[in-house]
Amino acid sequence: GKKVSLVTKKRLGENGIPLDPHTRTALRDRLIELGVYLYPNSAVREITENHVGIIDQGGVIFLRADTVVLAVGAMPLRGLAEKMGKIAPELKVFCIGDCAEPFSAMHAIQQVAEIGRMI
């Protein structure tokens with residue numbers, strides 16, 4: 001029931017996991033079909049109680065907003081793996097998924113399969 005805007009620093013599908021051109025086009029078309037306003041190649045300048053200020057190629061734009069969702073990336077969390085390595089150095093500890101680097105579930109499954117074959 002809300003009007004949605006998507007602000008992204010790069011082109012759609014280039015900020016995290018790279019998308020192939022066909023998937024990027026399908027995603028863009030579906031978002032447009034759903035009425036999502038797209039602001040690629042833009043940066044958030046400020047967030048206030050009732051708007052988000054963004055900078056795009058044309059300057060500063062203010063978007064009305066009563067809800068803001070930030071998806072700004074992630075950092076790997078290796079703390080538990082490092083602790084386990086210190087507690088039981090005889091064990092081989094493998095970091096996969098978000099422990100190694102924030103990525104997709106499919107990437108984590110691929111990592112598990114590779115480590116499984118290795119051991």
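In what order do the elements of the protein run from the N terminus on?

Modeller: The order is β-α-β-β-β-β-α-α. That makes three helices and five strands. Helices here are DSSP runs of H or I with at least four residues, strands are runs of E with at least two, and both are numbered from the N terminus. This is a predicted model: local features need pLDDT of at least 70, side-chain atom pairs count only at pLDDT 80 or more, and totals for chains, interfaces and linings use all residues. Residues are numbered from 1 along each chain as its sequence is written, and side-chain values use heavy atoms, with hydrogens and water left out.

Now the sheet. It is open, with three strands in the order β3-β4-β5. The pairing is antiparallel; two strands pair if DSSP finds at least two bridges between them. β3 (43–47) and β5 (59–64) each have a single partner strand, so one side of each is left without a neighbour in the sheet. From one strand to the next, the twist averages 30 degrees. Axes for such angles are lines fitted to C-alpha atoms, for helices over the stretch in contact, and angles run from 0 to 180 degrees between N-to-C directions.

Look at β3 and its partner. Four bridges join β3 to β4 (residues 51–56).

The C-alpha trace spans about 55 × 35 × 30 Å along its principal axes. Of the 119 residues, 19% count as buried, meaning under 20% relative accessible area with a 1.4 Å probe, protein chains only (exposed is over 50%, partly exposed in between).
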